[in-house]
Amino acid sequence: MKTMFILFCSFLIAPMGALSQSSTVTVFISQEPKAGQGGEAGSIADSFAGAVQNQLKIKYPCVQPIKESDIHKMLEYEKFRELLTGENELEKIGRAINAKYLINVTVTASGRGQFYLSAMMMDDAKAKTVARSGSFSSGGDAVKTLAKQFVDSMSALPISQTNCNPANLWTGTIEYKRNRDDEKTETRSTVDRSGTITTTTKTGLHYNILIRIGLKGKPQGIFALLDTFLSKEIGEKRIDCSRQGIARREPEWKSAGWNFVTEQMKYAVKNESVGVSVAVEKGRYKIHAVLPAIVAAEQTSQNKHSDGGCGSPSDNDFGPVESRGIFNIYLPTIDLPLKKTDELQGSMQDSSGGTLTWNLTRTPMRN
């Protein structure tokens with residue numbers, strides 16, 4: 001499984017590495033407790049990390065902050081969830097994406113609805129703490145206030161002197177998820193009505209796509225795609241195998257049933273450039289992402305077992321046979337009223353039941 005983890009990280013690192021090119025500075029933000037863990041403390045920690053990320057974007061536009069939860073999004077896909085084997089792996093990823101600074105935010109319950117929030121920033125190259133803040137809070141505006149104080153304390157660091165010319169007017173993420181599993185079972189009589197045939201069909205479709213738009217370069221998408229199909233047919237019937245023509249011969253019943261299973265799986269985990277256009281005019285904005293065709297691996301296998309009836313049982317297995325397939329995924333165009341001039345945020349469902357989420361921020365676009 002470690003080998004698979006390294007392989008998957010190779011897909012992860014390539015687009016992230018692109019964010020660290022030129023004069024941009026990558027900052028990796030981790031948190032404790034993790035999002036979805038630790039109850040209210042975990043929720044506050046996630047809000048705190050998000051507030052720090054937002055403040056970094058506002059105060060230091062040449063910084064590319066990456067939250068731990070962004071990394072988790074890339075590892076969310078069911079087939080690869082187990083790849084994240086420990087907390088230290090996140091720090092390894094932070095270093096692998098060439099993050100110059102590592103920020104850790106921590107929230108600890110202190111009783112009476114109060115929490116202690118702390119943030120620490122480390123220069124990875126020097127292995128030295130360069131910024132630290134802490135305060136008691138009950139959440140809400142206090143989280144944003146502490147995040148701003150923490151980021152303001154970085155004004156003396158080289159990070160504040162970085163000068164860049166963003167090539168993209170908007171930066172941020174676009175995420176698409178479609179996860180669906182269906183099962184259908186039907187039972188019917190055999191042709192001679194001496195038994196039954198039960199057919200169970202299971203289908204699964206899991207799309208997890210994360211598109212990151214950096215300050216420069218083309219938008220990069222990480223695709224984790226899985227399409228599965230399983231068909232199981234069970235026949236149940238008996239036949240009389242006694243010799244015909246012999247008077248008063250007792251019936252010799254034997255099973256003539258069968259069990260046929262067909263499995264198909266198409267999957268892909270890829271890094272690909274994505275075409276994204278953002279237009280703002282007349283009080284509305286449009287976001288349209290054009291995804292490339294993703295080449296996928298396919299596997300097909302069959303297992304056929306027959307009880308044999310009056311003969312001998314038999315098994316006929318086929319595969320797995322490897323082949324290639326294609327994922328063609330089309331995202332709906334986002335066309336909504338403009339609420340904030342510098343932020344585009346929202347979520348919507350498409351006609352297939354998938355969820356599209358976006359969070360984009362306008363860049364300074366200096367001369």
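The structure is a predicted model in which local features require pLDDT of at least 70 and side-chain atom pairs count only at pLDDT 80 or more, whereas totals for chains, interfaces and linings use all residues. Residues are numbered from 1 along each chain as its sequence is written, and side-chain values use heavy atoms, with hydrogens and water left out. Helices (H or I, at least four residues) and strands (E, at least two) are DSSP runs, numbered from the N terminus.

Strand β8 takes part in several pairings, where two strands are said to pair if DSSP finds at least two bridges between them. With β7, β8 pairs in the antiparallel sense over 18 bridges. Within this pairing, Arg212 has Gln220 of β8 as its bridge partner. The hairpin of β7 and β8 has 6 residues between the strands, and Gly217 in this hairpin takes a positive phi near 85°. An antiparallel pairing over 16 bridges also links β8 to strand β10 (residues 258-273), and here Phe223 stands opposite Lys270 in β10. Strand β9 is joined to β8 by 3 bridges, and the two run antiparallel; in β9, Trp253 is the bridge partner of Asp240.

A search of the whole structure finds 1 disulfide, defined as a pair of cysteine sulfur atoms within 2.5 Å. The disulfide is formed by Cys241 and Cys310, whose sulfur atoms are 2.0 Å apart. The pair links distant parts of the chain, 69 residues apart: Cys241 lies in the loop between β8 (220-240) and β9 (253-255), and Cys310 in the loop between β13 (294-306) and β14 (314-327). The link of Cys241 and Cys310 is left-handed, with -100° about the S-S bond. Accessibility was classed as buried (under 20% relative accessible area), exposed (over 50%) or partly exposed (in between), using a 1.4 Å probe and protein chains only. On this scale Cys241 counts as buried because its relative accessibility is 17%, whereas Cys310, with a relative accessible area of 46%, is partly exposed.

Nonpolar cores were also identified, each being a set of buried Ala, Val, Leu, Ile, Met, Phe, Trp, Tyr and Cys residues joined through side-chain atoms within 4.5 Å. The largest nonpolar core has 30 residues, and those with the most contacts inside it are Val27, Phe48, Val52, Leu56, Ile103, Met121 and Met154. Two or more residues of this core come from each of β1 (25-32), α2 (39-59), β3 (101-111), β4 (114-123) and α5 (141-152). The largest share, 8 residues, is supplied by α2. Apart from this core lies another, of 26 residues, including Tyr285, Ala289, Ala296 and Ile334. In soluble globular proteins, nonpolar side chains tend to be buried together.

Two residues illustrate the surroundings of individual side chains, with contact taken as heavy atoms within 4.5 Å. When neighbours within four places in sequence are left aside, Leu56 is in contact with Val27, Ile29, Pro61, Pro65, Ile103, Val151 and Met154. Ile294 is found in strand β13 and counts as buried, at 1% relative accessibility. With the neighbours of Ile294 within four places in sequence left aside, its contacts are Phe223, Leu225, Ala268, Lys270, Glu272, Gly325, Ile326 and Phe327. Ile294 and Ile329 are 35 residues apart in sequence, and their C-alpha atoms are 8.6 Å apart in space.

Glu32 and Pro33 are joined by a cis peptide bond with omega about 0°, and Pro33 is placed in the loop between β1 and α2. The peptide bond from Gly319 to Pro320 is likewise cis, with omega near 10°; Pro320 is located in strand β14.

Arg193, although not a glycine, has a positive phi of about 60°. Arg193 is placed in the loop between β6 (170-189) and β7 (195-213) and counts as exposed, at 69% relative accessibility. For Lys282, a residue other than glycine, phi is positive and near 50°. Lys282 is found in the loop between β11 (275-281) and β12 (284-290), and is exposed, with a relative accessible area of 83%.
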